[in-house]
Amino acid sequence: MSSESSKKRKPKVIRSDVPPEGKRGKGDTDQDVRYYSEESEVDLRDPIKDYELYRETCQELQRLMAEIQELKSRGIKENASEIDERRVQSCVHFMTLKKLNRLAHIRLKKGRDQTHEAKQKVDAYHLQLQNLLYEVMHLQKEITKCLEFKSKHEEIELVSLEEFYREAPPEISRPAITLAEPHQQTLARLDWELEQRKRLAEKYKECLTSKEKILKEIEVKKEYLSSLQPRLNSIMQASLPVQEYLFMPFDQAHKQYETARHLPPPLYVLFVQASAYGQACDKKLVVAIEGSVEEAKALYKPPEDSQDDESDSDAEEEQTTKRRRPTLGVQLDDKRKEMLKRHPLSVTIDLKCKDENVLHLTFHYLMNLNVMTVKAKVTTAMEMTTAISAGDLLSPDSLLNCLYPGDHGRKTPNPANQFQFDKVGIVTLSDYVTELGHPYVWVQKLGGLHFPKDQPQHMVTADNSLSASDSLGSSPFPSLGVTPVPCSAKLQAAVVLNPGYSTLPPVFSLCLNWKGERNSSNDDNIRAMESEVNVHYKELWGPKPGYQLLTNQLQRLCMVLDVYLETEPHDPSVEGPKEFPQEKMCLRLVRGPLRLKPFKFNYPQGFFSHR
């Protein structure tokens, strides 16, 4: 059936305006032969109409197929011609669908080609836009560089405009032009700067020449002085007998003053005052310094602040402890010796009497107790041969007793020492005065040391045994002792005492008057001192109900004040020893960017450290 329908088909020729190459005949020049072209037809046809044709063709094809099915189902032979007819119509519809399919593919191809062309144009425009944006960005960078460009002349400190127009000559300043044009003004100022520098360079050369001349003169004078020094030494050596004869020991005095720089403050005060008195009022009073200067220098060497050294020393101490653990008695003896340690230097005063008898006074300073002691000795011009023995009268233990009422020199005048003694098991200082000397009250005044008396001057008396037996004597913080400081340093404390004391602790606000006013607003260490008593007050509470808290806080303030003053660096420009020598044991003097001092007391080791 299909072969018959194909035979009945006739080719449909649609002429086109575009003739293919090589297909023209003899009459190509006389007539225009048109050929069929679906690509050209696509441009002439409406896609919507083709879609409607496609839908109608499909519906018609469905109808013909249904009719063919119905005719076949009847089985009548007369229906064969109708079936053939409908088959032919269906084939025609199939040809229409194929044509529409080809047209659709052509449209699709053209749409893709157009989309690709449009995309290429968009890509070209986008690339051009990116190039323009990059160029704009580059130009902006260049503009920024130009705006941020700093010329070398901006680093030069030019003279002010007033000085420039006042001092510069008119041929350089040119005010008629430069006042209206800033650029010309800057150039003119640079010209004036160049001119000034040329003048200064010439002056510099002249100064160098003068300097070389002066240096040569200095070298000549140095040579003269260096040759003069041996002569002066020989003259001084030759003048020693003259100095002794005229009682003018200049050389010896100079050496004494050099040694006095290493004395502790109380002995230094005594030395200066006694020397001044001897020179002004008593030529027979001889003042001298005895002891090892090297040991005195070693006392003021700051401890090394290296963590590695500390770890090594800790490891070494641990190994030593493992090898030999000293007994408690040996430890106490060592602590007693350390507490009663004297300064390596001492001051001796010789008082010559009219009968050539001499009273020798040797003054010592106990560094940990902060008191001065004196040892007396009498040298007589002749031996005592009278019946009355002078042994008891001239005994060093009783010679200077009771120069003032009740001053026997058997008891320490520093109240803080009793707490230190309780820590190491010393009952009284009288057991050691033979070796250390007598701590008379008048001796302390000679060295500038002033201590509060046992009893106040007013009529109300207080029982000192109560304060000595309370928590101050048994707690781990006050037993280190308090070092009274000279009135050059005064600590003022404002205390807020709540009615709920001692459940609510007192609050302290401190102000230190020493080389200016120092408080918590301008000194971080004053703030740390306030923290020791305000924040860490639980360490100072003592036994319940804690009525000793205020007393312990005051005691702790005295201790941290000592640490504050003793850890201050010594000013090398000030002649003499350090104003407050270091007596407290500190692992590190300062720590951190705030340079905080070690205010935490470690009991029972007895040293101060940082929190």
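Ground rules. Numbering runs from 1 along each chain as its sequence is written, and side-chain values use heavy atoms, without hydrogens and water. In this predicted model, local features need pLDDT of at least 70 and side-chain atom pairs count only at pLDDT 80 or more, while totals for chains, interfaces and linings use all residues.

Confidence. pLDDT is the predictor's confidence in each residue, from 0 to 100. The chain's mean is 80, with 80% of residues at 70 or more. Residues 1–27 fall below 50. So what about the sheet?

The sheet is open, ordered β1-β2-β3-β4, and antiparallel. Strands are DSSP runs of E, at least two residues, and helices are H or I, at least four, numbered from the N terminus. Strands pair if DSSP finds at least two bridges between them. β1 and β2 (residues 345–352) share seven bridges. There, Ile289 faces Val347.

Salt bridges. The criterion is a Lys or Arg side-chain nitrogen within 4 Å of an Asp or Glu carboxyl oxygen. The whole structure has 26. Asp43 meets Lys110 at 2.8 Å, N to O. That pair spans 67 residues, from helix α2 to helix α4. Asp43 is exposed, at 57% relative accessibility; Lys110 is partly exposed, at 24%. The cut-offs: buried is under 20%, exposed over 50%, partly exposed in between, with a 1.4 Å probe and protein chains only.

Now Lys584 and Glu566: 3.7 Å, N to O. Buried or exposed? Both are buried.

Technical notes: Contact = heavy atoms within 4.5 Å.
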